[in-house]
Each structure stands twice: as structure tokens, then as C-alpha cells.
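Please read it with the structure open.

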Amino acid sequence: MIITVTLNAAIDKSLSVPNFRLGRRHRTVDQRTMPGGKGVNVARTLKSLGQPVIATGFAGGATGTRIVEQLTQESILNDFVRIRDESRTNTSVHDPTSGEQTEVNERGPEVSPKEVELFQDKLLYLARGAAIVVIAGSLPRGVEPGIYADLIRELRHLGVTTVVDAEGEPMRLAVRAEPDAISPNVVEAEELVGQEFNDDGDRMAAVAALCALGAREAIVTLPDGCTARVLEDGAPVLRRMSIEQREAVASRGSGDAFLAGYVAARYSGSSPTECLRFAVACGAESTQHLGAGLLDPAAVERLLGEVHAQTLEPSASAL
Ligand SMILES: Nc1ncnc2c1ncn2[C@@H]1O[C@H](COP(=O)(O)OP(=O)(O)OP(=O)(O)O)[C@@H](O)[C@H]1O
Ligand SMILES: [Mg+2]
């Protein structure tokens, strides 16, 4: 079983609005409303890839009820801690004429210490039957930034693999707790490492730096693939995976589809390079769908052959 953690779960509204302009009134040409938050998106993709997954986290108020009900309608197993405050609704507007995407994310609910405690108990209980826990996304108010780090340490004691995709202080602390893998995008990785990357050399140094900070494996997603430092038979290798950029219907959530692909392949026992290949194909395929976490598994299979794998030869310091 795979568990996904979404502490700031949401109802995501994706709107397709041609010629979107600030200050104007518009009509949508396409729209989709579904439960979201990074961990929920990852769960949706894992489910469509045929992997066993349970989504957990916090859900509150009428929006929380809707999150849980819609997940159940999608046949995504879920077990959320119900909280008093209202879960958020996030709105993204995709303009098919310009390809631009605009997001407005509501401030998350306030979570009480008692609710946090209930969640920790629930996760540790669920994790007893799990091989991998995916921790992804932002924190609602009232939750300590060290929560992901605490969870990673406790899950390690249970022998569960932890994979994290978050940003800011919660991610910084999480990396130091030595998760099995992290998958920040470029901007998030630059923030963690504390410098900008200009080329493959910088990105190689960055994944090595992320591992030096604590991650066992570090994958930095790029618009055309990823740069990763993964363990092959216990030994670190550097891989650059790439795929031709496609015209996106909506690219939001492609990082979540990437992560789900990586986790699905890892759960199935694929080699690190094949996990990355599958992840890149999932990320790319998901850009063809409006709505985070949606992809067509058959189309992913067709894309696998288009993912180019390169082994980077590091300077001694990068390993
Ligand atoms: N236009 C595109 N064509 C092909 N692949 C894409 C495209 N956009 C994104 N991808 C794939 O999706 C993966 C994740 O991309 P990216 O680094 O943009 O994620 P992200 O910033 O975390 O996205 P989000 O947070 O919205 O989920 C990458 O591996 C990339 O290969
Ligand atoms: Mg991301």
C-alpha cells in the first residue's frame, strides 16, 4: 500500500478561459472541479496507474466533506482527519490562447494541536500496512513547520519509505530528517540549496548538495525532465532524463504526476533509471489534461520510448 499525505487538501477549480484579462468579465470554455492538494493529486494518478493507495490529511467544513465525498466517488480510498475549520478552495485559470496559467489559492484552515495529534496517530496506524508514504504540499495554519521532519523520523522507525515534495521551511526541515527521496522543482531546489542553477553542472552539484543535506535520493524536476542523484545497487549515480516539450493543455500538477509515476514504479520494484523514465513520461502526459493528477496510462506507455536517459559524469565533489 502507498499512503499520500495532504495536510492542506483543497477543492481545486480549473477553468479554461481564452483571452483572459485582468479586470474583465469572462466565460469558461471548459472547467473541472475536483479534490486537490499535491498529495491528493498524487493519489489520483497512482489510482489511475493501478497502484493501491490511501489518501490522508485534514478535511474540514462543507469543503472538507466535498473533498472526501468526491474522492470516494473517484474510488480513491481515503481516511482524513475531520477538522473544525473549513478546507480551502483553489482556483486556476488556464488561458488556451496564451498558454498562461494564473492561480489563486485560498489561505488554508487553522488546525488545532489536538487535530494534529489525531492526524499523527492516524498516519502511524495507516503506515503499518504501507511500503511508501508520500508527503506533499503546503501546511495549513497552526501546524508546526517541523511536522514533515517528525513524520519522516517516525515512519523510518516503522521501516516505511518516505518521499517528500514540499517547499519553504517545512521542506528544509524535512530534508534534514533524511527522507528516502525528494522531488522539488528547480525553483524549490534553488531555494533549498541557496543558489541559482544555470546549467547541467549546477544541477548536478545541486542534487549532490540536497543529498548532503540529508535526502537519500534527490530528483530536481525540470520543464523537460529531471536531474537526479539516485542509488543504484546502493551506489549513487547521476541521471539526466529528458523528453521533448509538448504543447500543454494545462501544466499545473505535472510535478505531482511526475512524483506519482516515480512512486508507482518504485513500488513495483523498477530500477532507479526506469522509475525516473516512468516519472518523466507521467509528468509529460499529464500536461495533456485539464485537472491535476489526470493522465492516460496507455499514453504514458507510448511516451516511455521518447524519454532520453543520460548518465552524467560528475566531478568528484558531486558524488
Ligand atoms: N510542456 C511539457 N512537456 C513535456 N513535459 C512536461 C511539460 N511540462 C512539464 N513536463 C514534465 O512534468 C514534470 C514536472 O514538471 P515541473 O518541474 O514543471 O513540475 P512542478 O513545477 O512541480 O509542477 P506542479 O507543481 O505544477 O505540479 C517534468 O519532469 C517535465 O518533464
Ligand atoms: Mg511541484
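Predicted model: local features only at pLDDT ≥ 70, side-chain atom pairs only at ≥ 80, totals over all residues.

The points below cover the core, the helix packing and a few single residues.

1. Local features are taken at pLDDT of at least 70, and side-chain atom pairs count only at pLDDT 80 or more.

2. **The core.** Start with the largest nonpolar core, which has 91 residues. Val133, Val134, Val207, Leu210, Val263, Leu276 and Val280 have the most contacts inside it. Helix α8, residues 254–267, gives the most to this core, with nine residues.

3. **Helix α8.** How many residues of α8 are buried? The count is 14 of the 14, so α8 is largely enclosed by the rest of the structure. Its length also checks out. At 1.5 Å a residue, its 14 residues should span 20 Å, and its end C-alpha atoms are 20 Å apart. Just after α8 comes Gly269, with a positive phi of about 85°.

4. **Val263.** This residue deserves a look on screen. Val263 is among the core residues with the most contacts. Leaving out residues up to four places away in sequence, Val263 touches Ile2, Leu46, Ile132, Val134 and Val163. Val263 is also one of the α8 residues that meet α1.

5. **α1 against α8.** Helix α1 covers residues 38–48. The α1 and α8 axes come within 8 Å and cross at roughly 55°. The two helices are therefore oblique to each other. The crossing is right-handed. On the α1 side, the contact uses Lys38, Asn41, Val42, Thr45 and Leu46. On the α8 side, it uses Asp256, Ala257, Leu259, Ala260, Val263 and Ala264.

6. **α8 against α9.** Helix α9 spans residues 272–286. Its axis and that of α8 come within 7 Å and cross at roughly 145°. This crossing is right-handed. The α8 residues in the contact include Gly255, Ala257, Ala260, Gly261 and Ala264. Those from α9 include Leu276, Ala279, Val280 and Gly283. Leu276 and Val280 are also among the residues with the most contacts inside the core.

7. **Helix α7.** Helix α7 runs over residues 200–213. It has 14 residues and reaches 20 Å from first C-alpha to last, close to the 20 Å expected at 1.5 Å a residue. Which of its residues are buried? They are Arg203, Met204, Ala206, Val207, Ala208, Leu210 and Cys211. These buried residues pack against α5 (168–176), β11 (181–182), α6, β12 (217–222), β13 and β14. Just after α7, Gly214 takes a positive phi of about 150°.

8. **α6 against α7.** Helix α6 covers residues 186–193. Its axis and the α7 axis come within 10 Å and cross at roughly 60°. That makes α6 oblique to α7. The crossing is left-handed. Ala189, Leu192 and Val193 in α6 meet Ala206, Ala209 and Leu210 in α7.

9. **Two positive phi values outside glycine.** Asn19 has a positive phi of about 55° although it is not a glycine. It sits in the loop between β2 (10–16) and β3 (30–36). Is Asn19 buried or exposed? Asn19 is exposed, because 10 C-beta neighbours lie inside 10 Å and the cut-off for exposed is 12 or fewer. Asp233 has a positive phi of about 50° and is not a glycine either. Its loop joins β13 (225–232) and β14 (235–242). Asp233 is exposed, with 7 other C-beta atoms within 10 Å.

10. **Asn185.** Where does Asn185 lie? It is in the loop between β11 and α6. Asn185 counts as partly exposed, with 18 C-beta neighbours inside 10 Å. Leaving out residues up to four places away in sequence, Asn185 touches Thr221 and Gly255. Asn185 and Leu173 are 12 residues apart in sequence, and their C-alpha atoms are 17 Å apart.

11. **His308.** This residue lies in strand β15, residues 308–311. His308 counts as partly exposed, with 14 C-beta neighbours inside 10 Å. Which residues does His308 contact, leaving aside its neighbours within four places in sequence? They are Met241 and Ser242. From His308 to Ala205 is 103 residues in sequence and 21 Å in space, C-alpha to C-alpha.

Definitions and conventions:
Residues numbered from 1 in each chain as written. Chains lettered and ligands numbered in written order. Core = buried A, V, L, I, M, F, W, Y, C linked by C-beta atoms within 7 Å. Buried ≥ 20, exposed ≤ 12 C-beta atoms within 10 Å, placed from the backbone. Helix = DSSP H or I, 4+ residues; strand = E, 2+ residues; numbered from the N terminus. Contact = placed C-beta atoms within 7 Å. Expected span 1.5 Å × (residues − 1). Axes fitted to C-alpha atoms, helices over the stretch in contact; angles between N-to-C directions. Parallel < 35°, antiparallel > 145°, perpendicular 65-115°, else oblique. Left-handed = near helix turned anticlockwise from the far one by under 90°.
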